[in-house]
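Colleague: I would like to learn how to read the features of a protein model, one at a time. Could you give me the general idea of each and then the case at hand?

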Amino acid sequence: MKFSKGNLKDQAFCYERNECVIIGRNSDCNIVIPKADSTVSRYHCLLDIAPPTVTVRDFGSLNGTYLNGEKIGQRDASLPVEEARKQHYNEFAMKSGDRLGLGNDCEVVLDVVLPLYCADCFCEIAQAKFSNMQHQPICSGCHAKVIERKNKEKAVQKAEEDRIAAEKAKRNNPVCEICGANLYGGVSRPYICSSCRNNPVKILQYLMKKAIKGADDARHIAGYRTIRMLGKGGMGAVWLVEEEKTGKQLALKLMLPDSASDEKGKQMFLREANIALQLRHQNIVRHYKTGQSDDTYFILMEYCEGGSVADLMNKNEGKLSIETATHIMLQALEGLHYAHHTPIYTKLEDANRGFVNGIVHRDFKPANIFLSDNSSRSVAKVADFGLAKAFQTAGLSKHTLTGAVAGTPVFMPRQQIINYRYAKPDVDVWAAAASYYCMLTGFPPKDFTGKDAFNVALTTDAIPIRERNFRIPKRLAEVIDTALRERPAIGIQSALELKKAIEAAV
């Protein structure tokens, strides 16, 4: 996108991956507008970029935000800034060529350019010089392979033509492979209707049948039987399954995409899921196998009989005792410390493979801490390292950070919202302190009631914990309040430091 008016005129900003871009005059905005553009607010608006889609929302600006000349947000001039931040402002979709006006004299023009990828090997290419048999662009290397294959295909050309003719005959009247409903339009394999695609129960039954038949893409779940559903969420569902030979019980998580993704995006998600397979610690939920069948992704993981800490809080009127919450949090911090420092073997940015030193969770909260059993001294285990974020970043979900579940900012420090793609371990430490706060009080550290969640997370500070629960010991309260400090930096930087501080306080 390029500025067409204002003091940044002719300056361009390019984004190739999912980003949250805050525009305003404040120094910590992603795009800082010079103070000379006085009609632009300190935090004027937010662009939610998930290429090739872009949405914009006003942040309660004084002079308004305009999309192609039409006002899409502005606070009442009689409202003070703090009151305006309590208001909720709608998101608006943008398309290439749209003009975004910020106040009176500043304007941005959006330009969406889609990259070109080889249809065969998915590498990026500069121009469509060659094409495959389907008239899709391919690189010079794949073009050479096509020429070589043509010489070999002459001997089997007649058989291939017969196969294509038979396939066309089937497509004239295809039916859903699960429910048998007639399919219409340009459908392709697997022949599954939209209703069945969005039904995790039917998809699981379909995958289990494929596993019994020996299908290669379902081999990881062969030999398991379904016991019951453990839970259902926005991206899929989780079942309790049992290995027929050993009787060992595991959790099987199915993730159903709600949007199409290219092969490059799918491989990126599977690479991130492979990282989770490498985490081996008693305080992290173990991942055993991961795979893909058509558009469905599945993960076999450790089953935690005690459920999540969020479930435990619901059973105890929304909060936990100091003893129980501390027992859980000290273990969860052990898991975080391990994940932040353990070497992980993966593909690096230069396309080579090598080790990186640790990973960041980015979505730590009570719902992502699980308990091994229902005893008072159960083992706490951190779950879902990077999988939700990878699912979104790979383009398998229509939502990016701001389009996700509204509760996400409750356990996010402002540093993660401003620069979430490059989050460091300290954002997990803040989230752990926020989760501990919530376990002890039944409330998040900030007041989100009736307010825009992202504005609250970005612009307000945590409420001292003893104002929520005066029974919290002073020494422990000081540790938690320090850990939840965000300015100028997060108060406690490492999981091990927070664990030792809690142990010393209690």
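Colleague: Which residues touch the most other members in the largest nonpolar core?

Modeller: A nonpolar core is a set of buried Ala, Val, Leu, Ile, Met, Phe, Trp, Tyr and Cys residues joined through side-chain atoms within 4.5 Å, where buried means under 20% relative accessible area, exposed over 50%, and partly exposed in between, with a 1.4 Å probe and protein chains only. In this predicted model, the largest nonpolar core has 60 residues, of which Met-329, Phe-364, Ile-369, Met-439, Leu-498 and Ile-502 touch the most other members. The elements that give two or more residues to this core are helices 7, 8, 11, 12, 14 and 15 together with strands 20 and 21, and the largest share, 12 residues, comes from helix 11. Helices (H or I, at least four residues) and strands (E, at least two) are DSSP runs, numbered from the N terminus.

Colleague: With which residues is Leu-498 in contact, leaving aside its neighbours within four places in sequence?

Modeller: Contact means heavy atoms within 4.5 Å, and with those neighbours left aside Leu-498 is in contact with Leu-333, Val-429, Ala-432, Ala-433, Val-479, Ala-483 and Ile-492. Apart from this core lies another, of 21 residues, among them Val-54, Val-56, Met-94 and Cys-106.

Colleague: What should I know about the numbering and the limits of such a model?

Modeller: Residues are numbered from 1 along each chain as its sequence is written. As the model is predicted, local features need pLDDT of at least 70 and side-chain atom pairs count only at pLDDT 80 or more, while totals for chains, interfaces and linings use all residues, and side-chain values use heavy atoms, with hydrogens and water left out.

Colleague: Is Gln-331 buried or exposed?

Modeller: Gln-331, which has its place in helix 8, counts as buried because its relative accessible area is 14%. A polar contact is a pair of N or O atoms within 3.5 Å; within protein, one must be able to donate a hydrogen and the other to accept it, and residues adjacent in sequence count only if both atoms are side-chain atoms. Here the side chain of Gln-331 reaches the backbone nitrogen of Ala-380 at 3.2 Å, and beyond four places in sequence Gln-331 is in contact with Asn-283, Ser-378, Val-379 and Ala-380.

Colleague: With which side chain does the side chain of Ser-293 make a polar contact?

Modeller: The partner is the side chain of Lys-210, at 3.1 Å. Ser-293 belongs to strand 16, residues 287-293, and is buried, with a relative accessible area of 1%. Not counting residues up to four places away in sequence, Ser-293 touches Leu-207, Lys-210, Asp-217 and Phe-298.

Colleague: How can I see that residues apart along the chain may meet, taking Ile-138 as the example?

Modeller: Ile-138, found in strand 12, is buried, with a relative accessible area of 1%. The C-alpha atoms of Ile-138 and Asp-120 are separated by 6.4 Å, although the two residues are 18 residues apart along the chain. For the protein chain, residues 24 or more positions apart account for 56% of the contacts with a separation of 6 or more.

Colleague: How many helices and strands are there in the protein chain?

Modeller: There are 15 helices and 21 strands, and buried residues make up 45% of the 506 residues in the protein chain.
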